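Dear colleague,

Please find below the structure I promised to hand over. My notes on it follow directly after.

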Amino acid sequence: FVRENNFWNLSVLPTVYELKKPLKQEQQTYIGADIFTIATPLFDGDGEVEFVPMNVRDDFHEGLIERFQDIQEHSENPPERLQQGLVSQSPGMIEALSLAEKVAEMKTPCLLLGESGSGKSLLAKYIHLNSSRRDKPFVVVNCASIPVELFESELFGHVRGAFTGAVSQSPGLFAQAEGGMLLLDEISELPFAVQAKLLHVLQEKEYRMVGGTGSLPADVKILAASNRNLLAMVQAGTFREDLYYRLNVVEIVLPPLRERPEDIVPLIYYFLQVYGKQYKKRRHISEQAVGVLRQNPWRGNVRELAHTIERLVVTSAGGTIDVSDLSPAMFESPFSGGARRGVSSKSSGDGACTEPGRALEEALRCCERDIILKAYVHYKSTRKMAEALGITQSKASRLLRKYRAES
């Protein structure tokens, strides 16, 4: 059970059975919480271990551990993934991480694709951590942040006197990453003129400093990340086709958070743990607040969720984060005039109300359920909810009981 599910590391129970004596152990749970466990064997008449009571204490976030049923199906997050914030239960994310582990030892480039905030930089760090280059440098460059005229110098370095202001020789990012990995984030912003020189480095494993006369070896694994459609850029003539196919030896696509709803709740608790420790604020979260967060479309993906939890940890007044602490934007819906949470294919958290092929009756029931639950969270009473929706209070109460029972 312990090996298959990874709910915590360093399980003490098997050893207690083997040694037949009490043991204590510091452990880490699936969501990254630090716990302290004391296991004490109880013996039968023959001196064999019959029971092992275990006292488990979470001194920092007691009561914040996620419910068993929420993480029962998928629990494959080794400590390395947790350290990088790569909490994953959804099939798409697990597949992406599995592929990342396989390509970590490859010397060829790897292309990481996904929407902004989906975790491409974290995935790149995870690839580095799982490779034989883990003890070598991991260098990140945001291609959108470097002025065009300085790009070549930043990547390859320059010699003294190469241009005005070059008073001394300066190594570039390739030299800094020698033996390790270089992440070219937002590779779509790489100037067209520099793309040819990067292609040369990838093909010949060497580069030349600006103003230099000799070539230098480049033992660097290249990871390139983009939130844009590079193939469309190739077709439009704004990205070199030969460079695209040279970078795209292995392509890993990170799904957006709206397509991996199984990960939302574990990520909520993970970030509560992270920011609780960072700001030294003990915070719990109510099931009602979790329910609202689960329904949010998270267009900013994991980054938006992380920033939301960070804000809640810092700004919530009490020890428990409740719906009253959430941003008003979380409650925008058809009955309150907001567009973000409207019943449409763009607003539904998982697209359930507008899924192609869904029978009309089922689609209407789904949308009714969505409106009722969000209306109650927004108005906090069946009387106000009934007034807003134009129905009787008895009908509002009946529908609320019905859909709450299903959730």
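How many salt bridges does the structure hold? In this predicted model, there are nine salt bridges.

Asp219 pairs with Arg133, with the closest N and O atoms 3.0 Å apart. Asp219 is partly exposed, at 40% relative accessible area, whereas Arg133 is buried, at 13%.

A salt bridge also joins Arg228 and Glu189, where the closest N and O atoms are 3.3 Å apart. Arg228 sits in the loop between strand 11 and helix 9, and Glu189 in the loop between strand 8 and helix 8; the pair links distant parts of the chain, 39 residues apart. Arg228 is partly exposed, with a relative accessible area of 40%, and Glu189 is partly exposed at 34%.

Within helix 14 (residues 360-379), Lys374 and Asp370 are four residues apart, about one turn of the helix. Their side chains meet in a salt bridge of 2.4 Å, N to O. Lys374 is buried at 11% relative accessible area, and Asp370 is buried at 10%.

Turning to the nonpolar residues, the largest core has 35 residues, and Leu155, Phe174 and Leu182 are among those with the most contacts inside it. Helix 8 (residues 192-204) gives the most to this core, with five residues. A second, separate core has 31 residues, including Tyr270 and Ile309.

With kind regards

Definitions and conventions:
Residues numbered from 1 in each chain as written. Predicted model: local features only at pLDDT ≥ 70, side-chain atom pairs only at ≥ 80, totals over all residues. Heavy atoms only, no water. Core = buried A, V, L, I, M, F, W, Y, C linked by side-chain atoms within 4.5 Å. Buried < 20%, exposed > 50% of the residue type's maximum accessible area, 1.4 Å probe, protein only. Helix = DSSP H or I, 4+ residues; strand = E, 2+ residues; numbered from the N terminus. Salt bridge = Lys/Arg side-chain N within 4 Å of Asp/Glu carboxyl O.
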